[in-house]
Structure formats: C-alpha cells, structure tokens
Amino acid sequence: MPISVVIGSQWGDEGKGKIVDLLSENVDIVARYQGGANAGHTICWGDETFVLHLVPSGIFQKDVTCVIGNGVVIDPVAVMEEIRMIKDLGYDVEGRLLISHNAHMIMPYHKKVEEARERWRDAGAIGTTGRGIGPAYVDKFARTGVRVVDLLDRDVLRRKMELALEEKNSILKNVYGADELDVDAMIEEYVEFDKQIDPYITDTTQYLCNALKEGQRVLAEGAQGSLLDVDFGTYPFVTSSHPTVGGCCTGLGVPPMEIDRVIGIVKAYCTRVGNGPFPTELDNAAGDELRAAGHEFGATTGRPRRCGWLDLVALRYTSMINGFTELAITKLDVLSNLTEIKVCTAYELDGRRTQRFPSDLHTLERAVPVYETLPGWNRDISGITSYEQLPAEARDYLDFISHFLEVPSIIVSSGPKREETILRSHTA
Ligand code: GDP
Ligand code: IMO
Ligand code: MG
C-alpha cells in the first residue's frame, strides 16, 4: 500500500500538524522524515492544544505507530520531554514510537556554534530557531556526526564526542570568542539519555519497508516548508534539510514508487519567521491585522511571524517541485473580515512581467508582486464544516487557487481544531 506525503508549500507553519493529525485517523503509520526540534506542529481538539516538535503528529491517534526517520536530527532532551508530555496525557508511547538508529543527534555544541555563528553574521543572520539544526546537518555531511546507534557503545560514544569537542571548542574559542564546553558533563548527559531512549531505537527503514509490503498505510510528515528547502528554497535563508518530496525517500529509506499522494499544505495567505526575502510581505497595518487574526506567533520560538498575501508564483513553483496531487488549504477563516483579498499572480522584474520564481536571492529581492484583487466574503466562516455553507466568494477564492495551480483542494480548514474542517466530497 502506498505512501501519502504531507508537505508545507510555503515557509512553514502552514498547519501541517493539524492536517497530519486529521489524516492519521485513516493510516497505520505516521513517519517524520527531516528537520528537528525547529518544527512546531500544533494540534487542537476540544479545549486542548499541543505543540509537537519531534514526535510525529499521529501520536494522538491510539492505533497509529509513529516513526522518527533517519533524516531527522534528534535533540535527546527535546524528544524525552515530549515523550513525557504525551505519556502524562495518558497515551502509550512505548511500542508506538520508533526512532531510527541511523538518525543523527543534536549535541550541545551544535546549539553553541549556531548561536555564535548567528551573532557573528550580525545583520546577515538567518534568524534560526536556535535548535542546533544547521550545525548538526553540517556534521552529518562532514561525516563527523554522532548517531543514535553510537549511544549503544560507550567507548565509541566517548571517542566520537571527544574528537568532535576538540574541534568545536577550538572553533568556539578561536573563531567566535565563545565559551568552551566540557566533555565529561556532556558524556554523562548522553549516557543517561541512552537509558531512556533505548526502548524506542530500531531499524526504522526495515520496519517501514516490511510494513509497506504487508499493505500498511503510511503518512509521511514533512516539517518546515518547501521555500525553506536547502536546495529549492530562498537560500541562504533556509533550513538545512529537504522538506520537499525527495526528502521523504532519503529521510525514511523508502522507494519513490511507493509514494502515490503528495499533499501540499497551503495557508490561505503567507507567513515567514526569520529573515530572508518575502515578496508579498505586508510590513504595515494590514500585515498586523493578519497576524492578530491568525495568531501568527511561532509555535517553537514565540517570535511574531511576518505576514503577507498569498503568493501563487511561489506556490506554482513549489507545486512543480513536489508534484502536489492535492492541496489542503488552511486558515481560510482568518480572511473572514476582509472586503477584498489580494493574490500575487506574477512578479514585475526590471520592468518585465514573469511567472517564474527566481532561483537567486538578489533577483527575488527585486521582485515586485503583481496582484489580482478578489472580493472578500466579509463574514465569519470559523468552524464551517461543509463546502456548501461557505460564502460564494470563499468558494471562488479556493477555486482561484486550485485553478491557478491545476491541483484540486481536498481539505479546507476553517479553524485550528480537528473538527473545524471541510472534507471536499470528491475525495471522501
Ligand atoms: P505547522 O508547523 O505547519 O504544523 O503549523 P503551526 O502549528 O506552527 O502553525 C499553525 C497555527 O495555526 C497553529 O496555531 C494552528 O493551531 C493554527 N491553525 C491551523 N489550521 C487553522 C485554521 O484553519 N484556522 C485557524 N484560525 N488556525 C489554524
Ligand atoms: P514548522 O515545521 C517556520 C525557519 C527559521 C529560520 C530558518 C532556519 O513548524 O513549519 P533553522 O532553525 O531551521 O536552522 O532556521 O527556518 N524555520 C521555520 N519557520 N516553521 C518551521 O517549522 C521552521 N523551522 C525552521 O525561522 O528562518
Ligand atoms: Mg510550525
């Protein structure tokens, strides 16, 4: 049975957590394939709200097994905290959460180096989440990383950590003028972590491939968004992994032909946290209104999110890269009180109009959005659960997006809660 992949189509925070939680009801396994605790995926039902950073958003469906794949960088402290929180809520985790033995670990020096590097970059800072993500992926590709499997052998762990710290301390001290770290304290902490994480570690690739053979249904959960992809995003203002569809294969170890659905999560407008170009940004009162209406503050860092109009040029580009087969359009309710809504359908670049998303930063920074203005519906649609109940203008807005991208929208989200969702009939 094939794999469905859920992918952020913009700069993250599109509402992936909500949609994955919802779709988990009909699958056997939910698997995270990249990123780390930089992600903040929010899940709401009733009066409860939870934010997950590393554990897949299927964990609150009791019959679902959750996998943290080899492509994820694991912060031991964060994952154990999360497991504790989920257990405290009354959910079984042991036996339902599997962590790849090949996943790389975030070490204390990754956060230190990131902090020092961001300070050193000064005005050119990326505005990272400070979770050590970039430096951990650097070590992975430099072949100096520490993997989960290394926890199993104390001698190997000590040797790797000593070697890594020798280099990192020298960089911290001599390049960034920052404090050095102590190896013994660090080893002690990770040995303690080994005791706690042991029951969850396994060969998740073998597990997933066996499950696929047996006909189990897998939902792959992406973190971040396509425009933060290290290859396809707005480099260097990106994260250090591949949220786009290819990341699913390398981050889980599953064959591409097993993927038959690629679901793009599209927020009905745009947001971005951190620095970097954002052509449709509303750096004014209209942007402030969107932020207030959509409660646009980071789920991981609490930072205010930059807000702007929907950018269909960027979306057509991310749809092309990922091959979206369907869309879930979220936060439509946030646009409730507008009399008109703008959507960007082209860029003006050096006096010429284009629908191509520029691949280099300096060109993108010069892109001036060309807008079409659509009528708003100017009434509250929060919590609506049927397509027919939506005002005609809201349906037209959805159709405009699907038509432009040539991809059907199968889910429309009208509020943060599980139940505040419209499932379009042609997909039921
Ligand atoms: P993710 O990182 O893609 O999982 O998204 P986040 O959880 O970081 O941010 C999405 C925010 O919007 C969360 O606070 C969600 O509870 C909320 N949310 C999701 N869908 C909707 C929706 O349709 N309407 C409203 N008003 N809020 C939503
Ligand atoms: P979810 O999964 C939004 C952004 C950071 C920064 C850049 C690099 O919740 O959608 P990093 O710490 O990854 O090195 O930071 O990426 N960023 C996110 N923005 N949502 C996320 O995750 C993000 N994860 C990273 O703000 O601009
Ligand atoms: Mg988020």
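This is a predicted model: local features need pLDDT of at least 70, side-chain atom pairs count only at pLDDT 80 or more; totals for chains, interfaces and linings use all residues.

Me: How is the chain divided into domains, and how many Å separate the centres of domain 1 and domain 2?
Reply: The domain assignment gives domain 1 as 1–72 + 203–428, and domain 2 as 104–197. Taken over C-alpha atoms, the distance between the centres of domain 1 and domain 2 is 31 Å.

Me: What area is buried between domain 1 and domain 2, and which three residues of domain 1 supply 33% of its share?
Reply: The size of an interface is often given as the accessible area lost when the parts come together. Between domain 1 and domain 2 that area is about 1,100 Å², with carbon and sulfur atoms giving 49% of it. Of the area that domain 1 buries against domain 2, 33% is supplied by three residues, more than by any other three: Asn38, Ser240 and Arg303.

Me: How many salt bridges and how many residue pairs in polar contact are there between domain 1 and domain 2?
Reply: In terms of contacts, 19 residues of domain 1 meet 12 residues of domain 2. The salt bridge count between domain 1 and domain 2 is 0. The residue pairs in polar contact across the interface, with both residues at pLDDT 80 or more, number 6.

Me: Where does Thr239 lie, and is Thr239 buried or exposed?
Reply: Thr239 is in the loop between strand E10 (218–221) and helix H8 (246–252). Buried means under 20% relative accessible area. Thr239 has 11% relative accessibility and therefore counts as buried.

Me: Which residue makes a polar contact with the side chain of Thr239?
Reply: Leaving aside neighbours within four places in sequence, Thr239 is in contact with Asn38, Ile133, Gln224, Leu228 and Val230. The polar contact is between side chains, at 3.3 Å, and the partner of Thr239 is Asn38.

Me: Which residue forms a salt bridge with Arg418, and how many residues apart are the parts that the pair ties together?
Reply: The partner of Arg418 is Asp21, with the closest N and O atoms 2.6 Å apart. Arg418 lies in the loop between strand E19 (409–413) and strand E20 (421–423), while Asp21 lies in helix H1, so the parts tied together have a sequence separation of 397 residues.

Me: Is Asp21 buried or exposed, and how many residues of H1 are buried?
Reply: Arg418 is partly exposed at 22% relative accessible area, whereas Asp21 is buried at 1%. The buried residues of H1 include Lys16, Lys18 and Asp21. H1 is mostly covered, and its buried residues number 8 of 8.

Me: Which residue meets Asp28 in a salt bridge, and how exposed is that residue?
Reply: The side chain of Asp28 meets that of Arg217, at 3.4 Å from N to O. The pair links distant parts of the chain, 189 residues apart: Asp28 is in the loop between H1 and E2, and Arg217 in the loop between helix H7 (204–213) and E10. Asp28 is partly exposed at 22%, and Arg217 is partly exposed at 35%.

Me: Where is Leu398, and how many Å separate Leu398 and Val412, C-alpha to C-alpha?
Reply: Leu398 is in helix H12 (residues 392–405) and is buried, with a relative accessible area of 0%. Beyond four places in sequence, the contacts of Leu398 include Ile329, Tyr387 and Val412. Leu398 and Val412 are 14 residues apart in sequence, and their C-alpha distance is 8.7 Å.

Key: Residues are numbered from 1 along each chain as its sequence is written. Chains are lettered from A and ligands numbered from 1 in the order in which they are written. Side-chain values use heavy atoms; hydrogens and water are left out. Helices (H or I, at least four residues) and strands (E, at least two) are DSSP runs, numbered from the N terminus. Buried means under 20% relative accessible area, exposed over 50%, partly exposed in between (1.4 Å probe, protein chains only). A polar contact is a pair of N or O atoms within 3.5 Å; within protein, one must be able to donate a hydrogen and the other to accept it, and residues adjacent in sequence count only if both atoms are side-chain atoms. Contact means heavy atoms within 4.5 Å. Domain bounds come from an automatic or database domain assignment. Buried area is the accessible area (1.4 Å probe) that two parts lose on being put together, summed over both. A salt bridge is a side-chain nitrogen of Lys or Arg within 4 Å of a carboxyl oxygen of Asp or Glu.
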